[in-house]
Amino acid sequence: MATRSNQKNNQNSSSKRKRSAREREARRKTKLVIFGVEIAVILAMLAVLYVVMTKVNDEGPKLTYLAPENLAIPEEVKKESEEGSMKGYVNIALFGVDARTENTLYKSSRSDSTMIASVNMDTGEIRLVSVYRDTYLNLGNDTYQKCNAAYANGGAEQAIKMLNMNLDMDIKDFVAVGYLGVIDVVDGLGGVYIDVDNAELKHLNNYQKSMTDPNLKDAYVPALKDYPYVPVTQTGYQKLNGLQAAAYCRIRYTAGDDFMRTARQREVLKAIEDQAKKADYATLLKVFNSVIDDIYTSIDEKDLMTFLDNISKYKIVEEGGFPEESMRTTGDISSKGSCVVPLDLESNVVWLHQFLFDDEDYHVTAGVHEISEKVRSDTAPYIRNKSN
């Protein structure tokens with residue numbers, strides 16, 4: 001953020017933040033929160049507007065402090081952010097974590113969903129990229145595995161480090177949310193409009209049942225036991241309630257598997273954005289009050305307030321997935337299991353910088369070149385006979 005570099009060079013400010021984080025940690029342990037799906041960018045916007053409207057200092061999202069020097073931002077990328085094609089953008093990592101308790105939100109759970117929200121601070125345009133959870137990458141510690149293991153190993157800090165190292169990014173902040181936050185936002189906004197096709201209908205209802213039925217242990221979420229299961233009975237463009245929308249985000253057993261699932265997640269994000277912009281002040285305030293405790297983030301109150309003056313300024317204009325479709329494949333990579341493999345990581349990073357920052361002539365760092373060669377070496381024996 002614009003004020004963050006000065007703040008974090010001030011030792012007194014840093015120590016106050018760290019003390020605040022420790023104090024909040026004691027409070028966190030008193031409350032059970034179930035996290036797991038992927039509606040992070042809109043909840044970040046909701047959190048921002050909540051702070052702006054209520055001006056509260058003792059409530060809000062669960063905060064942590066991430067030291068920029070621990071986030072593996074390449075020196076060349078820092079320069080690019082200050083005076084190159086990345087100048088004027090704020091990039092935020094969005095995590096949906098497969099956790100069943102509040103403690104495992106912070107670490108020890110794989111990130112079911114990882115997105116990058118790149119915000120053009122001049123225009124308010126937001127571009128979203130889903131980083132496929134099974135993508136074979138450096139986890140940020142020179143271990144190569146499915147990238148969703150980074151959060152399990154080292155929480156948000158390591159997951160951000162993984163993104164910065166592999167993708168030449170300058171991410172310093174994150175937002176993580178879960179099932180309850182998604183459901184309460186959608187219900188508070190009166191539902192969202194989604195086009196449900198025939199292949200999705202059965203799975204949408206099955207996920208609703210599995211999330212709320214205690215006899216179905218694999219996906220059962222105890223905090224949802226009193227949420228009513230209302231089956232969706234027809235296809236087409238229609239209003240979904242919170243539980244239905246959360247279940248829609250989880251569908252992966254259709255053509256396209258996890259690639260289509262991430263597209264559904266982004267579709268729900270955009271539907272929430274549409275409804276939020278139509279809501280009145282009283283409705284938004286009620287929604288914010290209900291979800292603010294279900295957000296875990298590194299963005300403090302002051303930066304939240306500078307980030308957003310008016311929610312209507314911001315709009316999701318483009319979305320996509322990484323690795324890019326024409327430059328990826330899948331395969332069983334030894335003991336790592338089925339992975340999404342960037343056929344050439346360097347080319348994918350060039351594409352990413354063009355997509356996010358309109359950089360037509362990006363050159364990757366030496367670090368990305370080295371990781372790209374390692375990914376190629378590790379995966380080539382398993383995918384050489386596969387087509388795109």
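**Entry 1: the largest core.** I began with the largest nonpolar core, which has 47 residues, and found that F95, L163, L167 and F174 touch the most other members. For my notes, a nonpolar core is a set of buried Ala, Val, Leu, Ile, Met, Phe, Trp, Tyr and Cys residues joined through side-chain atoms within 4.5 Å. Buried means under 20% relative accessible area, exposed over 50%, and partly exposed in between, with a 1.4 Å probe and protein chains only. Two or more residues each come from β2 (89–97), β4 (125–131), β5 (136–138), α6 (149–167), β7 (173–177), β13, α13 and α14 (366–383). Helix α6 gives the most to this core, with 10 residues. I take helices (H or I, at least four residues) and strands (E, at least two) as DSSP runs, numbered from the N terminus.

I then asked what L163 is in contact with, leaving aside neighbours within four places in sequence. The list is A93, F95, T114, I116, V131, D168, M169 and I171. Contact here means heavy atoms within 4.5 Å. Apart from this core lies another, of 31 residues, with V182, L224, V232 and A245 among them.

**Entry 2: what I am looking at.** This is a predicted model, in which local features need pLDDT of at least 70, side-chain atom pairs count only at pLDDT 80 or more, and totals for chains, interfaces and linings use all residues. Residues are numbered from 1 along each chain as its sequence is written, and side-chain values use heavy atoms, with hydrogens and water left out. The pLDDT is the predictor's confidence in each residue, from 0 to 100.

The mean pLDDT of the chain is 79, and 72% of its residues reach 70 or more. Over residues 1–41 the pLDDT is below 50, although the model gives this stretch 106 contacts beyond near neighbours in sequence. Residues 45–59 also stay under 50, with 36 contacts beyond four places in sequence. A reminder to myself: where pLDDT is low, the predicted coordinates should not be read in detail.

Buried residues make up 57% of the 388 residues. Among contacts with a separation of 6 or more, 76% join residues 24 or more positions apart.

Entry 3: Strand β12 (residues 328–332) pairs with β13 in the antiparallel sense over five bridges; two strands pair if DSSP finds at least two bridges between them. I checked R328, and its bridge partner in β13 is P342. Five residues lie between the two strands of this hairpin, and S334 in the turn has a positive phi of about 50°. Why is β13 (residues 338–342) largely enclosed by the rest of the structure? Four of its five residues are buried.

Next I went to α13 (residues 345–357). Its 13 residues reach 18 Å from first C-alpha to last, close to the 18 Å expected at 1.5 Å a residue; the expected span is 1.5 Å times one less than the number of residues. Buried residues in α13 include L345, V349, L352, L356 and F357. Just after this helix, D358 takes a positive phi of about 55°.

**Entry 4: β8.** Strand β8 (residues 192–196) has V192, I194 and V196 on a covered face, and Y193 and D195 on an uncovered one. It pairs with β9 in the antiparallel sense over five bridges, and D195 stands opposite Y237 in β9.

Entry 5: L224 is in the loop between α8 (198–212) and β9 (236–240). Is L224 buried or exposed? It counts as buried, at 0% relative accessibility. Not counting residues up to four places away in sequence, L224 touches L180, I183, M211, T212 and L243.

T254 sits in the loop between α9 (242–250) and α10 (257–278) and is buried, with a relative accessible area of 9%.

N120 belongs to strand β3 (residues 111–120) and counts as buried at 14% relative accessibility. A polar atom of the N120 side chain lies 3.1 Å from the backbone nitrogen of T123.

Notes
A polar contact is a pair of N or O atoms within 3.5 Å; within protein, one must be able to donate a hydrogen and the other to accept it, and residues adjacent in sequence count only if both atoms are side-chain atoms.
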